[in-house]
Amino acid sequence: MLKLAQRNSTAAILTQTKQLVSIVFRTITSGNFEVETPLNFINGRRKNCLQTTTQSFTVEEPATGKTLCRMHESGIEDVNKAVNAAQQAQHDWGEMSGFERSKVLQKCAHLLKEKQEDVARLEVFDTGKPIWEARGDVQTAVDALEYFSGIASTLCGQHFTLPGGSFGYTRREPLGVVAAIGAWNFPIQMAGWKSAPALACGNAVVFKPSEFTPLTAVMLGEIYKEAGLPDGLYNVVQGGGQTGNLLSSHPDIAKVTFTGSVTTGSKVMKTCAGGIKAVTLELGGKSPLILFDDCDITNAVNGALLANYLTQGQVCSNGTRVFIQENIFSDVISRLVNRVKAIKYGDPHCEKTLMGAMINKKHAEKVLGFISRAKQQGAEVLCGGKQIVPDNPILHGGSYISPCIIKPSDDMEISLEEVFGPVMNVYSFRSEEEVLKRANDSQFGLASGIFTKDLNRAHRVAAKIQAGSCYINNYNIYPIEMPFGGYKKSGIGRENGMITLEYFTQLKTVYVEGGNVDCPY
Ligand code: NAD
C-alpha cells in the first residue's frame with residue numbers, strides 16, 4: 001500500500017489502510033503528499049532499488065512542482081530480478097487455458113473499476129491532467145482488462161486437412177516475458193493497454209513507466225495482486241532511458257511494446273534488432289483534421305477542441321493541423337477562439353478545471369519555444385500560447401500554458417514537428433484534392449479526421465489519407481475493440497482490438513502424418 005507523507009495537518013490521520021487512502025485522496029488537493037514507499041514492484045511486492053549506485057532522481061508533481069517522490073534508477077540487478085520473477089511466473093500462467101486466465105483478469109477488471117477514483121486521483125498527482133480526464137483514462141484500462149479477458153478463451157489456431165489422411169494445425173502460443181515501456185501522458189492507460197492483452201495471451205510483463213509518472217503502474221500491480229493475479233506476472237521497474245535500455249536488451253525478454261517519441265522508438269527498434277526481438281512501436285504524430293464546408297459546424301468545432309486540448313495537448317493522436325475550407329474559415333475561427341478563451345485551467349484536482357498543468361517546466365518551455373519561433377517566422381497567434389500563473393499560490397511551481405490557436409504556413413517548423421502541447425494550427429483550403437495532398441505531406445501518420453455531411457466524400461478521403469486511424473465526424477475516440485497505431489514514422493503494430501493477439505503470441509505449425517514416410521534414400 002502507498003505510504004504517503006502529508007504536508008498539511010490532515011497528515012496525522014493518515015494510516016496505511018486502504019480505506020483511509022481512499023478518504024484522503026478524495027479530500028486533498030494538489031501539493032499535499034509525498035510518496036515514501038519503494039516504487040519497484042517485483043514478484044508481487046514493492047521493493048527498493050537494489051542498486052543505490054545508479055542515478056537518483058526526484059519526481060515532481062506537475063501541478064505544483066513539489067516533490068512527489070524520490071528514487072534511484074533501476075539497474076541491472078533490479079531488471080534481472082524482475083525478468084526472473086516474470087519468467088518463473090509465466091511458466092504456469094502460459095500453460096493455463098485462456099478461460100482460466102480470463103477468470104483472473106475479469107477479477108482484475110472489477111477491482112480496478114472499484115478503485116477507479118483512487119487510481120484517478122493518483123494519476124492526477126502523477127500527470128497534472130484534470131480529474132475528469134484521469135477517471136476516463138482509468139476506465140480505458142478497465143475496458144482493456146474486460147475486453148481481453150473476454151477474448152482470452154477464444155485464442156485458437158487453424159486446422160488443415162491434408163492428402164492421405166494427414167492433417168495440420170496451428171497453435172497460438174505465448175511469447176514469454178514482455179517488456180512494456182510507457183510514455184508520461186497516459187500512464188495508467190498504457191499500463192492497462194499493454195498488460196491486459198499480454199497477460200490474456202499467457203505472457204508475463206515487466207513494465208517500465210516514464211520516469212516522470214511512476215505511481216499508477218505500481219498501484220495497478222497491487223490491484224492485480226489483490227484480485228488474484230499470481231505474483232511475478234506483472235512487475236514494475238522504475239527509471240529512465242538506461243533502465244529502458246537494460247530491459248529491452250535483456251536476453252530473456254521476448255518482445256518489447258513501446259510507447260514514446262520517434263527518436264526513442266528508433267533506438268528501441270535498433271536494440272530489438274540486435275536480439276531479433278519482436279517490437280511494437282506507438283510513436284508521435286502531427287495529425288490532420290479536415291473540416292469541409294458542408295459539415296455541422298457545431299460538431300466540427302467540438303471535434304477540433306477534442307482533437308487539441310485533452311491532457312493539455314499532450315496527446316499523440318491529436319489533430320493539431322486543422323484544415324478549414326475557405327468559405328467557413330472565419331466562422332469556424334471565431335467560434336473556436338471564443339470557446340478556447342473560455343477553457344478553465346488550474347488545479348487539476350478541481351472538478352471544474354478543464355485543463356491542468358504541463359508535465360514539467362522543461363517540456364512547457366519546449367512548447368513555448370515552438371510558438372515563439374513560429375511567431376518569428378510570421379505565424380499569427382489567434383489566442384493563448386502564453387505561460388500563465390494560476391491564482392492559487394500552491395500551483396505557482398507548476399507550468400501552465402494558455403490554450404493556443406495559431407495560423408502558420410505549411411512549411412513552418414510548427415506545421416512539421418510534433419509540439420505536444422495545447423497548440424492548434426489552423427489552415428484554410430479550397431479543394432478536396434488540395435487538402436488531401438497537404439494533409440498527407442507529413443513524416444507522421446498516426447490519426448486523422450474529417451467533418452462533412454457528404455458520406456461518399458468522407459469514405460473517399462478516409463481511404464486516401466495516410467494514417468493509422470481516421471475519424472469521421474468526431475475525434476480522439478478510442479473504443480477498445482478498434483485497433484490503434486500508426487503509419488509512417490508514427491509506429492509499427494497495433495494496440496487494441498483482436499489484432500493485438502497477434503502481437504502478443506507466436507504461431508506454431510504442427511504437421512501430423514497420416515500414412516507412411518515416403519523417403520527416396
Ligand atoms: P520518450 O521517447 O522520451 O520516452 C518514452 C519512454 O521510453 C520512457 O519510459 C523513457 O524512460 C523510455 N526510454 C528513453 N530512452 C530509452 C531507451 N534508450 N531505451 C528504452 N527506453 C527508453 O517519450 P515521452 O516524452 O515519454 O512521451 C511523449 C511521446 O510519446 C510523444 O512523441 C507522443 O506522441 C508519444 N506517444 C505516442 C502514443 C501512441 O500511442 N502512438 C501514445 C502516447 C504518447
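Residues are numbered from 1 along each chain as its sequence is written, and side-chain values use heavy atoms, with hydrogens and water left out. Because the model is predicted, local features need pLDDT of at least 70 and side-chain atom pairs count only at pLDDT 80 or more, while totals for chains, interfaces and linings use all residues.

**Exercise 1.** Determine where E282 lies and whether E282 is buried or exposed.

Solution. E282 is found in strand 13, residues 278–282, where strands (E, at least two residues) and helices (H or I, at least four) are DSSP runs numbered from the N terminus. Its relative accessibility is 4%, so E282 counts as buried (under 20% relative accessible area; exposed is over 50%, partly exposed in between; 1.4 Å probe, protein chains only). Beyond its neighbours within four places in sequence, its contacts (heavy atoms within 4.5 Å) include F258, F484 and R494. The unreviewed UniProt entry annotates E282 as "active site", although such annotations may be inferred rather than shown by experiment.

**Exercise 2.** Explain how the buried residues of helix 8 are arranged.

Solution. In helix 8 (residues 241–248), the buried residues are T243, G244, L247 and S248. Seen down the helix axis, they fall within an arc of 130°, so they line one face; the arc is that of the directions from the axis to the C-beta atoms. On the other side, G241 and Q242 are exposed. Among the elements covering the buried residues are helix 2 (76–95) and strand 12 (255–259).

**Exercise 3.** Locate S431 and state its accessibility.

Solution. S431 lies in the loop between strand 20 (423–429) and helix 14 (432–440), and is partly exposed, with a relative accessible area of 30%.
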